[in-house]
Amino acid sequence: MKCPKCKSENLDEAMFCGSCGAKLSIVCSQCGFENPPRNKFCNGCGHDLTIPSEPTLKDLSLDEKLEKIQKYLPKGITEKILAQRDRIEGERKQVTVMFCDMEGFTQLSEKLGPEEAYTIMDQVYEILIHKVHDYEGTVNEMTGDGIMALFGAPIALEDAPQRAIRSGYAIHREMSRFNDRMKQEKENLPPLKMRIGIHTGPVVVGTLGNDLRVEFKAVGDTVNLASRMEGLAEPGATYVSNDTFKLTEGFFRFEALGKREVKGKGEPVNVFRVIAPSSRRTRFDVSAERGLTPFVGRERALELLLDGFEHAKTGRGQAFSIVSEAGVGKSRLLYEFRKAVANEDVTFLEGKCLSYSRGVAYHPVIDVLKSNFDIAEGDGDVEIREKLKRGLKILGADEASTLPYLLELLSVKDSGVDTVSLTPEARKDRIIEALNRNAIKASEIRPVIMAIEDLHWIDKSSEDRLESLLDVISGARIFLIFTYRPEFVHTWGARSYHSQVNLNRLSNRESLAMMAHRLGTEEVDRDLEELILEKTEGVPFFIEEFIKSLTELKIIEKKENRYHLAKNIKDVIIPSTVQDVIMARIDSLPEEAKGVLQTGSVVGREFSHVLINRVMDTPEQELLSHLSILKDSELVYERGVMADLKMH
Ligand SMILES: Nc1ncnc2c1ncn2[C@@H]1O[C@H](COP(=O)(O)OP(=O)(O)O)[C@@H](O)[C@H]1O
Ligand SMILES: [Mg+2]
């Protein structure tokens, strides 16, 4: 292999250059993993390293670069955008805009000369693009020394504001690694830092260029304000607007910077600096911290889970899937179950699939592993190794055949896994076997409850792992709980010890009970009750968000101990947290259905509301009820449209 630094030839098995001592490695063109030089396949993703990689950005002209950016688009997005192009154009969307600008470029080119500076800039672009795509954003523009990225347009994304902030965080981190690398190569280089600004708001999508870039028809304030946030941010920092802050509060630690003057805005606006991600990763974690609404209903579902666990405890392993649409209460049921078994001597392990983790192999499995061995976020390689060793000893597991695979999963250096003689498939099998053995060993000490949440976002490797775990639990004291939305279809077939609990929306009585809990009184005017029932349709998440937004907007008020509507209900708007969920849902619907819904909604006002999984199978009456959230305001429903729908 040729040394990248001094260009001298080395033997294939050399790890360091014989002439200059530089580390030799092959960086995978697919996933960026740094492989030992003798690898034929990537340790990170299994990609064939012998295939020549494509030219890097620096070899390309601007047009070619743009084309390449499109190639980089998150998997499947290009097709999705093209298929929906006609509909997307002119659509009003809630979007999170991120501006990312480099500081220090001028000094850099003064020091290095323009040519070398541009080579470096290209590498920086690569980082920016990759880190945006990791969170399924799209790079909409390459500015002189940065980018403008969109999250949630052209295709709506759940958790778009959160993704944008995480993407920004990843960019800062990657840039600091980049600076470290640069420092090793060249001395006295000024560090390159990005200034990042983020804002969330509505835009009207204009035409989509041939390169699928979004042109905006009505940009309004949204893009501007994001750019202003970037302008305010100091190098290395991310600043977000009040709107983005409100949608992501609890997921990150922020520093409130108070009100700042912003060009183009009459009034000063609130600005926040992102400090770090918090340990809370799901919406439910955040609500739990703020205080949950007292639990209503679900007696039967909870009982089923507890019965299942009783069986599992006696050595007849069980698996339960809790299935419902977003916000109906899967996580809450799991939480209540956990509370109910809190006094039992069990090992409770948890893993979560996240909306932006589908591309991360073994994400929930690694979660479980970490919780099993008590591995914390900041633990270094040495600590992780120690904790695993100690844990394996307690389990009585064979260290030699297990430890390397667990280390490998946790990306600990020098895991000891023989990467040469094993194919990626064989390695995967070994990992899975090691995990299964561990689970069984753990269940011999005390019953194990393993809960994996949100399988609709699971990655393929984890799914395979769960299927194989299902095969081995039937004779063990293991209770598996999965939660997912109906769009997830598992491939593991029927098993006598696997049951499914479908959570329905709440009844009117239960919805009103939740409302009474939220408001702290049952004294509520009838028309207000009806409004809530109609707009939230028994989805607990919507009930909470609506009541919060109605109170904040002072649409409901308390007078003489009784809540009543203080304003016309025409003023009711859908909270943006709810919009986010709804829009992502709409964009994941089959094409024909979506067309219908769009025809039905008055573009430019509010968003249509659909919470139906398969519109095609939904009877007309039910479909109507799903759309009722907009009945008084924006949705124009026509019978003709519905007739079309039924023909498909
Ligand atoms: N039965 C219930 N009683 C009271 N609050 C509930 C109930 N079910 C869900 N919630 C609340 O509604 C919100 C959304 O529920 P969650 O469990 O996060 O939904 P999912 O996991 O299905 O998306 C949470 O704040 C949760 O506490
Ligand atoms: Mg949940």
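Me: Thr248, is that buried or exposed?
Reply: Thr248 is buried, because 27 other C-beta atoms lie within 10 Å. A residue counts as buried with 20 or more other C-beta atoms within 10 Å of its own, as exposed with 12 or fewer, and as partly exposed in between, the C-beta atoms being placed from the backbone. This is a predicted model, where local features need pLDDT of at least 70 and side-chain atom pairs pLDDT 80 or more, while totals for chains, interfaces and linings use all residues. Residues are numbered from 1 along each chain as its sequence is written, and chains are lettered from A and ligands numbered from 1 in the order written.

Me: Which element holds Thr248?
Reply: Helix H7, residues 242–248. Helices are DSSP runs of H or I, at least four residues, and strands are runs of E, at least two, numbered from the N terminus.

Me: And what does Thr248 touch, leaving out residues up to four places away?
Reply: Pro161, Gln162 and Ile165 (contact means C-beta atoms, placed from the backbone, within 7 Å). Pro161 is 87 residues from Thr248 along the chain, yet their C-alpha atoms are 6.7 Å apart.

Me: Zooming out, how many helices and strands does the chain have?
Reply: The protein chain has 22 helices and 17 strands. Of its 648 residues, 36% are buried. Among contacts with a separation of 6 or more, 67% are between residues 24 or more positions apart.

Me: Which residues of H13 are buried?
Reply: In H13 (residues 399–409) they are Thr402, Leu403, Pro404, Tyr405, Leu406, Leu407 and Leu409.

Me: New topic. Which residues are closest to ligand 1?
Reply: Gly329, Lys330, Ser331, Arg332 and Pro540, out of 21 residues that surround ligand 1 (each has its C-beta atom, placed from the backbone, within 6 Å of the ligand).

Me: Which helices supply at least two residues of that shell?
Reply: H8 (283–290), H10 (330–340) and H18 each do. By class, the shell has 9 nonpolar, 7 polar and 5 charged residues. Nonpolar covers Ala, Val, Leu, Ile, Met, Phe, Trp, Tyr, Cys and Pro; charged covers Asp, Glu, Lys and Arg; the others, Gly among them, are polar.

Me: What in H18 meets H17?
Reply: Phe542, Ile543, Phe546 and Ile547 in H18 meet Ile532, Lys535 and Thr536 in H17. The residues of that contact divide into 5 nonpolar, 1 polar and 1 charged.

Notes. Contact = placed C-beta atoms within 7 Å.
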